[in-house]
Amino acid sequence: PINFCLISGEPLGSMGEPTTIQYQNRTLKFCCESCISKFQDDPGAYLKKLEEAAETLGKTHGGH
């Protein structure tokens, strides 16, 4: 799991308790409510960003 907001890039928790939504059987976390609206405007772009971040994390943590 990534530890930053997909929209703002800010660390989760930097603006208080992270906001969580369910989207296509995934739990997504954002730094604040307004980022959820931005995500819903263009979910495909942000999901791509999530996949790229997950790949990078997998490589840096000895992933496959």
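1. F39 is buried, with a relative accessible area of 0%, where buried stands for under 20% relative accessible area, exposed for over 50% and partly exposed for what lies in between, with a 1.4 Å probe and protein chains only. The model is a predicted one, in which local features need pLDDT of at least 70 and side-chain atom pairs count only at pLDDT 80 or more, whereas totals for chains, interfaces and linings use all residues. Residues are numbered from 1 along each chain as its sequence is written, and side-chain values use heavy atoms, with hydrogens and water left out.

2. The structure holds three aromatic pairs, a pair being rings of Phe, Tyr or Trp (for Trp, the six-membered ring) with centres within 6.5 Å, called stacked when the planes are under 30 degrees apart, edge-to-face when over 60 and tilted for the rest. One of these is the tilted pair of F30 and F39, at 5.4 Å centre to centre and with 50 degrees between the planes. F30 is also buried, its relative accessible area being 0%.

3. F39 also pairs with Y46: the ring centres are 6.3 Å apart and the planes stand at 40 degrees, so this pair is tilted. Taken together, Y23, F30, F39 and Y46 make up one aromatic cluster.

4. On the cysteines, the count of disulfides is zero, a disulfide being a pair of cysteine sulfur atoms within 2.5 Å. For C5, the closest cysteine sulfur belongs to C35 and lies 3.7 Å away, which is too far for a bond. C5 is buried, with 0% relative accessible area.

5. C31 likewise takes part in no disulfide, and the nearest cysteine sulfur to it, that of C5, is 3.8 Å away. C31 is buried, at a relative accessible area of 1%.

6. F4 sits in the segment before β1 (19-23), with strands taken as DSSP runs of E of at least two residues and helices as runs of H or I of at least four, numbered from the N terminus. F4 counts as partly exposed because its relative accessibility is 24%.

7. Leaving aside residues up to four places away in sequence, F4 touches G9, E10, P11, L12 and A53, contact meaning heavy atoms within 4.5 Å. Between F4 and E17, which are 13 residues apart along the chain, the C-alpha atoms are separated by 12 Å.
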